[in-house]
Amino acid sequence: MKTKITQKVFEPLLEKNIDESKQGLAYENIINQSSSKKAYIETYGCQMNFSDTEIIASVLTDLGYGFTANVLESDLALINTCSIRENAEEKVWNKLKELKSVKKKNPNLLVGVMGCMAERLKSKLLEQEKLVDIVVGPDAYRDLPKLIESAESGIRSINVLLSREETYADISPIRLNTNGVSAFISIMRGCNNMCTFCVVPFTRGRERSRDYQSILNEAQELFDNGYREVTLLGQNVDSYKYEDCNFAQLLEKVALINPDLRIRFSTSHPKDITDEVLFTMKKYDNICNYIHLPAQSGNTEILEKMNRGYSREWYINKVNRIREILPDCAISTDIIVGFCGETEEQFQDTVTLMEWAKFDFAYMFFYSERPGTPASKKFVDDIPEEEKKRRLQIIIDIQTKNSYQSNLNDLNKTYKILIEGDSKKSSLDFCGRNDQNKMVIFKKQKGLQPGDYVNVKVNQVTSATLIGEII
Ligand code: 5AD
Ligand code: SF4
């Protein structure tokens with residue numbers, strides 16, 4: 001199956017963030033070009049949303065839809081949305097405005113809003129923006145056929161019911177967002193953590209883990225189809241629990257599928273990640289040495305206000321423990337600056353944490369109050385935007401230095417790279433990741449193709465990429 005990605009923008013989310021998310025992308029699935037009806041899908045937000053879009057694509061394929069990257073020729077335009085920060089929602093509102101003019105040219109077009117904004121704004125989307133015909137929350141994708149049918153008959157339709165059980169375990173995702181080498185597997189849905197700043201527990205509901213057998217089947221099938229890397233996704237993978245199987249045991253089961261299948265996972269929560277997980281990572285070479293461990297803040301009082309369930313010291317001990325057990329493990333983080341009442345002193349604790357931890361990568365945000373969250377009810381969003389931006393710039397500068405230094409440390413080292421495809425800049429070069437999730441660029445060699453492993457020696461670096469040659 002050939003997939004064309006028409007637009008790539010990167011926005012991290014869902015605590016774990018990858019560097020190649022493709023915000024607002026549409027797909028052209030060549031295989032279904034002959035289908036009578038065509039869907040146009042754009043996805044915003046986290047990997048979980050991208051993974052959900054692959055489930056939605058499966059439901060649509062069963063309905064006889066093909067996919068198009070040209071909204072003008074589509075019968076159904078679906079936007080899978082994100083509510084994590086205000087600007088994520090703004091992007092979607094702008095998109096909906098654009099679709100309004102498309103609808104003028106193509107009045108039969110049905111427009112649907114899916115995902116977190118559907119859940120958060122519910123019927124408001126139908127009422128305020130009269131152009132939306134279908135609103136579907138994250139647990140209601142099985143209901144799409146019914147909702148589309150009723151929209152086709154002129155009745156605007158909505159299902160935003162959250163479920164305690166839905167994991168879509170039996171739906172085989174259509175891999176739209178693929179390079180044929182690397183795929184996401186959702187292992188759980190929802191979140192029970194209730195970090196006070198976060199809207200996710202409200203938009204995605206209670207945490208539930210997916211049957212591990214269905215996860216293993218999916219991973220095996222991907223491997224059999226030539227995939228060589230899977231990323232296990234969940235809001236808090238360390239609390240995965242299905243019958244007697246915890247996350248460490250799940251990791252082991254997936255790792256045993258084949259030594260040539262790389263395993264990644266996201267997101268880890270500092271309060272929940274266990275030694276058992278770290279030792280399982282150590283035991284299996286094919287479990288990648290990379291942990292996304294969101295700190296959010298370096299100050300214990302702020303962490304308490306955020307309801308993160310750990311202190312600065314606990315976080316530091318976790319990082320030390322990871323480095324003790326897995327000396328080569330890369331660590332990345334998420335940071336929020338300008339949370340309610342954050343003083344300059346408290347902010348400086350985040351600065352010193354970042355200077356100490358020397359994260360290989362970080363996703364950094366200023367606090368964006370989300371209506372309905374515990375923080376919006378309990379605290380005042382009192383740091384002026386200018387000040388939030390100043391703080392953000394300070395930590396971005398620290399991280400840019402740290403990322404560059406982390407890459408400099410890789411000079412002259414040799415890494416096993418999984419080839420993902422052509423580099424963005426030149427079709428003479430391949431790109432692929434090392435174990436630590438760093439992107440490496442190198443000259444192509446005859447006989448090699450995406451999905452192959454090669455050893456590459458790093459001889460040049462930037463703050464974002466390693467450049468090397470095959471040895
Ligand atoms: N404001 C700013 N950043 C947020 N995040 C989550 N909620 C908010 C918010 N209200 C960040 C956190 C989380 C990442 C996915 O997004 O850092 O880990
Ligand atoms: Fe992550 Fe906390 Fe939000 Fe859950 S509530 S998704 S753990 S930030």
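This is a predicted model: local features need pLDDT of at least 70, side-chain atom pairs count only at pLDDT 80 or more; totals for chains, interfaces and linings use all residues.
Trainee: How many salt bridges does a search of the whole structure find?

Mentor: One of the pairs is K37 with E152, at 3.7 Å from N to O. This pair links distant parts of the chain, with K37 in strand β3 and E152 in helix α5, 115 residues apart. For the whole structure, the search finds 33 salt bridges.

Trainee: Which residue forms a salt bridge with R321?

Mentor: R321 lies in helix α11 and its partner in helix α9, so the pair ties together parts that are 46 residues apart in sequence. R321 is partly exposed at 25% relative accessibility. The closest N and O atoms are 2.7 Å apart, and the partner is D275.

Trainee: How many aromatic pairs does a search of the whole structure find?

Mentor: One pair is formed by F197 and F339, whose ring centres are 6.4 Å apart. Ring pairs also link F197, F339, Y367 and F379 into a cluster. Over the whole structure, the number of aromatic pairs found is ten.

Trainee: Why is the pair of F197 and F339 called edge-to-face?

Mentor: Planes over 60 degrees apart count as edge-to-face. The ring planes of F197 and F339 stand at 85 degrees, so the pair is edge-to-face.

Trainee: How many residues apart in sequence are the parts that F197 and F339 tie together?

Mentor: F197 lies in the loop between β10 and α6. F339 lies in the loop between β17 and α12. The pair therefore ties together parts whose separation in sequence is 142 residues.

Trainee: What is the angle between the ring planes of Y315 and F359?

Mentor: Both Y315 and F359 are buried. Their ring centres are 6.3 Å apart. The pair is edge-to-face because the planes stand at 65 degrees.

Trainee: Over the face of which residue does K305 lie?

Mentor: The ring in question belongs to a cluster that ring pairs form from F197, F339, Y367 and F379. K305 is 4.8 Å from the ring centre, and the residue is F379.

Technical notes:
Residues are numbered from 1 along each chain as its sequence is written. Chains are lettered from A and ligands numbered from 1 in the order in which they are written. Side-chain values use heavy atoms; hydrogens and water are left out. Rings of Phe, Tyr and Trp (its six-membered ring) pair if their centres lie within 6.5 Å; planes under 30 degrees apart count as stacked, over 60 as edge-to-face and the rest as tilted. Helices (H or I, at least four residues) and strands (E, at least two) are DSSP runs, numbered from the N terminus. Buried means under 20% relative accessible area, exposed over 50%, partly exposed in between (1.4 Å probe, protein chains only). A charge sits over a ring if NZ of Lys or CZ of Arg is within 6 Å of the ring centre and within 35 degrees of the ring normal. A salt bridge is a side-chain nitrogen of Lys or Arg within 4 Å of a carboxyl oxygen of Asp or Glu.
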